[in-house]
Amino acid sequence: MTDLARFIQGLPKAELHLHIEGSLEPELMFDLARRNRISLPFASVEAVRAAYAFSNLQDFLDIYYQGAGVLMTEQDFQDLAMAYFRRVAADGCRHVELFFDPQTHTDRGLPFRIAIDGLLAGMAEAERTLGVSSSLILCFLRHLDEDAAFTTLREAEPYLDRILGVGLDSSEVGHPPSKFARVFGAAGEMGLKRVAHAGEEGPPAYVREALDLLHVDRIDHGNRALEDPALVARLVAEGMTLTVCPLSNLKLCVVDDLKAHPLKRMLDLGLKATINSDDPAYFGGYLGRNWTETAQALSLSRAELVTLAKNSFTGSFLPPGTVSDHLAGIDAYLSSNS
Ligand code: ADE
Ligand code: ZN
């Protein structure tokens, strides 16, 4: 392990943009397919990996929704979550705010409670056995309609005390945030935090809509906000956290080369950026690899890495006292490493 990788591994950090269904590794996909007697359109783990060549977001989503079809029982979701938490704990991650896509599962006939109960069991196990805390963000699929999102929000009502917030994901272009203004309004009234994917492939106007119409507390991705200087100034002034996903951006051709990734530019502009993995099983790396590859490609300084780690906690929805504890943990790590 290089000095840089060792430094990053030891640095306490949080992950704020992770789709749990996107952590389904091909090996587990095959195990679950066997367990649930589901046939896969792939002959082997290698054939699945070979199919992970995407030229845009939709290419990826088509295969991602297909892969999620092997998840059938609470145990499957618990196993999926624990496999992710083991990987990310080894990367020095202390806290995760994870997305799940209930409609991906209810649309194929699974009761709403299967995914959420299994994930909550995995999250409790991770906290107990790995010391990684986590909370759950329910994402609406934006390629589906507003009624479907409202149905999902109603199904979530019995779980309100165990859901931190709502998010918006899936195919961005053609499905602007405005389509979900009312359901996000209802979620806000229920006391839920609000986040939305915006500016991954969609234009800066979608980032503005997420702010003005969805009243989001964080922007997921936000890359294309950089095309609009006034929007950048606003995001800086509001201290808005961007959950940036470098290896995802590379795999989905949002950037051509990690060396051209805008993360460093975002920091230079004063934007509150964080590093995240998005869908690590599909994009070639968990949190640690996103950090090390980006740090290397952009020659990030130790000071910039520390800023990114601090942003991951101050941009989280943890209570202020817990955020302070994590920040103190970062300072203690730096003193023991100097
Ligand atoms: N669902 C899972 N990953 C996603 C991404 N990167 N963008 C939009 N929807 C997603
Ligand atoms: Zn995402």
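**Finding our way around**

Reader: Which strand does His221 lie in?
Author: His221 belongs to the run of residues 218–221. Strands are DSSP runs of E with at least two residues and helices are runs of H or I with at least four, numbered from the N terminus. On that count, the place of His221 is strand 6.

Reader: Before we go on, what kind of model is this?
Author: Residues are numbered from 1 along each chain as its sequence is written, while chains are lettered from A and ligands numbered from 1 in the order in which they are written. Side-chain values use heavy atoms, leaving out hydrogens and water; local features need pLDDT of at least 70, side-chain atom pairs count only at pLDDT 80 or more, and totals for chains, interfaces and linings use all residues, because the model is predicted.

Reader: Which residues are the protein donors of the zinc ion (ligand 2)?
Author: Donors are N, O and S atoms within 2.8 Å of the metal (3.2 Å for Na, K and Ca), and sites may look incomplete because water is not among the atoms. In sequence, the donor residues follow the spacing H-x1-H-x177-H-x80-D. Lying 2.0 to 2.2 Å from the zinc ion, they are His17 (NE2), His19 (NE2), His197 (NE2) and Asp278 (OD).

Reader: What do the angles make of the site of the zinc ion (ligand 2)?
Author: Four donors count as tetrahedral if all angles lie between 85 and 135 degrees; four count as square planar and six as octahedral if opposite donors are over 155 degrees apart and all others between 65 and 115; anything else is irregular. The angles among the four donor atoms of the zinc ion (ligand 2) run from 85 to 174 degrees, so the label is irregular.

Reader: How many residues apart in sequence are the parts tied together by His19 and Asp278?
Author: Both of these zinc donors are buried. His19 lies in strand 1 (residues 13–19) and Asp278 in the loop between strand 8 (272–275) and helix 14 (280–283), so the parts they tie together have a sequence separation of 259 residues.

Reader: What is phi of Ser170 near?
Author: Ser170 sits in the loop between strand 4 (165–169) and helix 9 (181–189). With a relative accessible area of 7%, Ser170 is buried. Its phi is positive, in a residue other than glycine, and near 80 degrees.

**Other spots in the fold**

Reader: Which side chains make polar contacts of 2.8 Å with Glu97?
Author: Glu97 is in strand 2 (residues 93–100) and is buried, at a relative accessible area of 0%. A polar contact is a pair of N or O atoms within 3.5 Å; within protein, one must be able to donate a hydrogen and the other to accept it, and residues adjacent in sequence count only if both atoms are side-chain atoms. The partners of Glu97 are His95 and Arg218.

Reader: Which side chain makes a polar contact of 2.6 Å with Glu25?
Author: Glu25 lies in the loop between strand 1 and helix 2 (26–35), and is buried at 15% relative accessible area. Setting aside neighbours within four places in sequence, its contacts (heavy atoms within 4.5 Å) include Arg49 and Arg87. The 2.6 Å polar contact joins its side chain to that of Tyr286.

Reader: Is Arg154 buried or exposed?
Author: Arg154 is in helix 8 (residues 146–156). Ala187 is 33 residues away in sequence and 9.9 Å away in space, C-alpha to C-alpha. Because its relative accessible area is 52%, Arg154 counts as exposed.

Technical notes
Buried means under 20% relative accessible area, exposed over 50%, partly exposed in between (1.4 Å probe, protein chains only).
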